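This note is written for a colleague who is meeting the structure for the first time. Please read the points below with the model open.

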Amino acid sequence: MRIILIGPPASGKGTQAKVLCDRFAVPQVSTGDMLRAAKAAGTALGLKAAAFMQAGQLVPDEVVIGLIDERLGQGDASKGFVLDGFPRTVPQAEALGRLLDGRGLKLDHVIQIDVPRALLVERAVLRRTDKRTGQIYHLKYNPPPPEADLEHRADDREETVLARLDTYENMTAALLPHYEALGLLRKVDGVGKPSEITDRLLAVLGNIG
Ligand code: ADP
């Protein structure tokens, strides 16, 4: 199972990617998580990336393509993967195509999670992550348990979220016609409870019940 999830910031890609990965026993490959880990580790790459992330801009293509090349070469990715947050530009999608071709692999599905812009700002601003488990919560719609050790992503402040939404519309939305032309694109309504969105995704993947 090789899947790409595409959607604007806070559309639920990360939440759904985790569920699909458990279900299909494949790794979640999230460039956002990889970049945040590199920043936390204080590597040169992480510090360079953090400046772009903080501004709501994309990290340069060659940086994320390098990360993905290395990650897909690791053994667990041979069973499949859910890509969450990559590709985000047409050159990234083309590079991914070449990386997969070189390994004799094909994508199975590219799924766009569709959420109106008006809902996304509140979702991001009230999003919190448990530092220990990586579990994602929302203070209003999916409140964390009292014992959670919460953090708020540095790029989830309102002005950065607005910049990220613009970046999505200006850069990442161009991926949709790219994958449509390849006959791979499916669209899922991302408004509703997380479990409802999971059911819609599984229906698209032909694996419900
Ligand atoms: P979200 O999808 O909610 O915006 P992510 O965790 O996927 O969150 O990404 C956070 C930030 O990391 C992005 O705003 C961007 O700066 C950087 N980033 C992640 N993936 C990529 C990518 N494929 N290309 C360029 N920048 C990326």
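**Notes on the predicted model**

1. A10 counts as buried because its relative accessibility is 9%; buried means under 20% relative accessible area, exposed over 50%, and partly exposed in between, with a 1.4 Å probe and protein chains only. The residue sits in the loop between β1 (2–6) and α1 (13–24), where helices (H or I, at least four residues) and strands (E, at least two) are DSSP runs numbered from the N terminus. The phi of A10 is near 65 degrees, a positive value in a residue other than glycine.

2. On the basis of the work: the model is predicted, so local features need pLDDT of at least 70 and side-chain atom pairs count only at pLDDT 80 or more, while totals for chains, interfaces and linings use all residues. Residues are numbered from 1 along each chain as its sequence is written, and side-chain values use heavy atoms, with hydrogens and water left out.

3. A25 also deserves a look. Its phi is positive, about 55 degrees, although A25 is not a glycine. A25 belongs to the loop between α1 and β2 (28–30) and, at 49% relative accessibility, counts as partly exposed. Most residues other than glycine have a negative phi, and most peptide bonds are trans.

4. The peptide bond between F86 and P87 is cis, with omega about -5 degrees. P87 is part of the loop between β3 (81–84) and α5.

5. Both F86 and P87 are among the residues lining the largest cavity, together with L5, I6, G7, K13, G85, R88, Y168 and T172. This cavity holds about 40 Å³ of space. On a 1 Å grid over the protein atoms alone, a cavity is a set of points where a 1.4 Å probe fits but cannot get out, and a pocket is an open set with protein on both sides within 12 Å along at least five of seven lines; lining residues have an atom within 4 Å of a point. Grid points are joined across faces, edges and corners, and a volume is the space filled by probe spheres set on the points.

6. The second largest pocket has a volume of about 190 Å³. Its lining comprises 13 residues, of which G97, L100, D101, L107 and L182 lie nearest the centre. Two or more lining residues come from each of α5 (90–102) and α8 (175–181); α5 gives the most, with six residues.

7. Two bridges join β5 (residues 127–130) to β7, and D130 has L150 as its bridge partner in β7.

8. V125 lies in helix α6 (residues 117–125) and counts as partly exposed because its relative accessibility is 24%. Leaving aside neighbours within four places in sequence, V125 is in contact (heavy atoms within 4.5 Å) with H152, D156 and E158.

9. R164, in helix α7 (residues 158–170), counts as buried at 11% relative accessibility. Its side chain makes a polar contact with the side chain of D156 (2.9 Å). A polar contact is a pair of N or O atoms within 3.5 Å; within protein, one must be able to donate a hydrogen and the other to accept it, and residues adjacent in sequence count only if both atoms are side-chain atoms.

Conventions. Pairing = 2+ DSSP bridges.
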